[in-house]
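I opened my notebook to look up charged side chains and how they pair. I wanted to see where the partners sit.

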Amino acid sequence: MVTPENLTGAGGVRRDPRPDRGGSAAGIGGTPAEIDTAIVLLGAGVTAITHPLLYVKLLIQVGHEPQPPKLGTNLFGRKVLYLPGFFSYARHIVQVDGKRGLFRGLCPRIVSSAISTVVRSKVKQVIPIEDMEHVSNKDDIKTSLRKVVKKTSHEMVVQCLSRIATHPFHVISVRCMAQFVGREVKYSGLFSSIMKIFQEEGVSGFFVGLVPHVLGEVIFLWCCNLLAHFINTYAVDDNVSSRLCPLGVARCPISVQFSQAPAVRSYTKFVMGIAVSVLTYPFLLVADLMAVNNCGLATGLPPNSPIFKSWAHCWRHLSVQGQLFRGSSFFFRRVPLEMAVLSVE
C-alpha cells in the first residue's frame, strides 16, 4: 500500500510546516514550498519508473492473458502450468505498442501524485499533529496505546482526504491502461477523459471504486500500526542486545547494549506493512475492477467481465471464482485449477 502518492509519510520523516527563525522548515533545510516541490519531483520520478510494473499488474487484474501458459515444474517436481511473468508480459506490450506503450496512463498518475503531496501538506498544516513521544514497553499500556491511536487517526484523516482528491485521476489512469485489451482510444488525454466521464457518468463516474479503495487503505493503516505497536511494546525488549553481548551485561559497552532494540523497532512496521498489504490486496483489486466496469471498454463488459451492481457484488464474484488475489504476483503465476483442467483436456 506504499505508493509514490504517499511518499510524504512512508519514509518515516515528519515534515514540520512551521518555519524557524532562520526561514527554513524545522529540522530540514528549505521552506515548506521547496520541500513540497522536491517531493513532487521525486514522486513523479518514482511514478514514472514504476509505471510499467503497475501497468502489467492492472492488465493481469482485469484478467487479460494474451499469451498461453507454459508447462513447468514446481519445487516438488510436479508439472504445472505457469502464466507469463512480468518480463514476458512487458515484451508483449512493446511488440504491440512499442516502448512508449509501457507508459500508457502515466500522465494521470503523475498528476495524482502531485495533488496527493499538496493535499497532505495542506491537511497537516490545518490539522497539525503534536510531537509524538517514543513508545516503549516501559510506558503505561493505556498511555502508549493512546499515542498510537491518536497518531493513526491523524494519518487516517490525511490518507482519506488524499484518496478522495486523487481518486478521479486514478480512475482515468486505470481506464487509459485498460484500453489495451480492446484497442480502444476512448480515453486518449487527461482533459478529454475528464469531459468524457463527466458527460457519460456525471460526477459519480470519477469516484467509482472509491469505497473499497478507502476501506483497504484504512484497514491497512490501522492493522499495520497496531500490530507494529504491540510487537514493539511486548515482544521487543530494550535490553535485548545486552543479552547478546559476549562480554556480559556489566562489561558490555552502553552503545552496544542499547543499539539493537531501536533497530528492530524501525523494521517492525515495514515487515508488518508487507504482511498486511497481502491481506488487504482484494480491496485494491475490487477498486480497480469497478473503475473499468461498464464504462464502455471491452475489458469491463461481457464476455470479458460481468456487469457488477456494486463493489460487494464484484467481491462475491471474485471470491466464488477464487480470484481475490489475481494480479498480486508478477512471477510464477500458476494457472487456476479450473483453467488448468480445461487446458489439459
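Before I start, I note the cut-offs: buried means under 20% relative accessible area, exposed means over 50%, and partly exposed lies in between. The model I am reading is predicted.

Entry one: the count. I found 6 salt bridges in the structure. Side chains of opposite charge can pair when their charged atoms come close.

Entry two: Glu65 and Arg333. I looked up this salt bridge and read 2.9 Å between the closest N and O atoms. The two residues are 268 apart in the chain. Glu65 sits in the loop between helix 2 (32-61) and strand 1 (70-73), while Arg333 is in strand 3 (residues 333-334). Next I checked accessibility. Glu65 has 28%, so I wrote it down as partly exposed. Arg333 has 9%, so I wrote it down as buried.

Asp97 lies in helix 3 (residues 86-97), and Arg183 in the loop between helix 5 (141-182) and helix 6 (190-201), so the pair ties together parts 86 residues apart in sequence. Asp97 is partly exposed at 23%. Arg183 is partly exposed at 44%. I also noted a network of salt bridges that links Asp97, Arg104 and Arg183.

Glu217 is in helix 7 (residues 210-235) and Arg163 in helix 5, 54 residues apart. Then I got my reply: Glu217 and Arg163 are both buried.

Definitions and conventions
Residues are numbered from 1 along each chain as its sequence is written. This is a predicted model: local features need pLDDT of at least 70, side-chain atom pairs count only at pLDDT 80 or more; totals for chains, interfaces and linings use all residues. Side-chain values use heavy atoms; hydrogens and water are left out. A salt bridge is a side-chain nitrogen of Lys or Arg within 4 Å of a carboxyl oxygen of Asp or Glu. Helices (H or I, at least four residues) and strands (E, at least two) are DSSP runs, numbered from the N terminus. Buried means under 20% relative accessible area, exposed over 50%, partly exposed in between (1.4 Å probe, protein chains only).
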